[in-house]
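User: Could you walk me through this model, starting with the aromatic rings?

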Amino acid sequence: MTSAAERPLLFLDVDGPLIPFGSPAGHPRADPAPASSPQGNPLLPRLDPGLGPRLLALGCPLVWATTWMEEANEVVAPRIGLPRLPVLPWPDAGAGDGPRGLHWKTPLLVEWADGRPFIWVDDEISGMDRQWVAAAHPGPALLHHVDPAEGLRDADFHAVAEWLGVVTPR
């Protein structure tokens, strides 16, 4: 069995993948957002408490890769059953320094991974990000785009699990 230290990192965005932007009517597991909600975000009721256990079951070390920063641990993690996770720090400057179309997170994810295989789950991944990672990252990487209207679905978990099965057979 592959140890946790050898498993690919899983970088996780919040807005889009965990908090879908689509109509709550399209999300049977989510209640319509109230006018206000704890921590001031009316979309928090769209968090699916079943996502945390499913993410943990993938067996990858999880890392927040979100502008929520530490607030992801304080607000999101307890609502979906995740423990406190490392948070990828974002620089105050330098965003957008790469080629046109490159997401500002991409170079930071590659740097944090430091050659280790990784998965990036986000709703803003582009072809430029895929090209950049392929050229700049020596290890395997899965850049998995999630439909922001739907959030993480069964098909997303199947795609990640299938990739993990190829990259790190148990």
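**Rings and charges**

Analyst: In this predicted model, the charged end of R54 sits over the ring of F157, 4.1 Å from its centre; a charge sits over a ring if NZ of Lys or CZ of Arg is within 6 Å of the ring centre and within 35 degrees of the ring normal. As for the basis, this is a predicted model where local features need pLDDT of at least 70, side-chain atom pairs count only at pLDDT 80 or more, and totals for chains, interfaces and linings use all residues. Residues are numbered from 1 along each chain as its sequence is written, and side-chain values use heavy atoms, with hydrogens and water left out.

User: How many aromatic pairs does the structure hold?

Analyst: The structure holds two aromatic pairs, where rings of Phe, Tyr and Trp (its six-membered ring) pair if their centres lie within 6.5 Å, and planes under 30 degrees apart count as stacked, over 60 as edge-to-face and the rest as tilted. F11 and F118 form an edge-to-face pair, 5.5 Å centre to centre with 70 degrees between the planes.

User: And is F11 buried or exposed?

Analyst: F11 is buried, with a relative accessible area of 0%, and F118 is buried at 1%; buried means under 20% relative accessible area, exposed over 50%, and partly exposed in between (1.4 Å probe, protein chains only).

User: What about W90 and W104?

Analyst: W90 and W104 form an edge-to-face pair, 4.8 Å centre to centre with 80 degrees between the planes. W90 is buried at 13% relative accessible area, whereas W104 is partly exposed at 30%.
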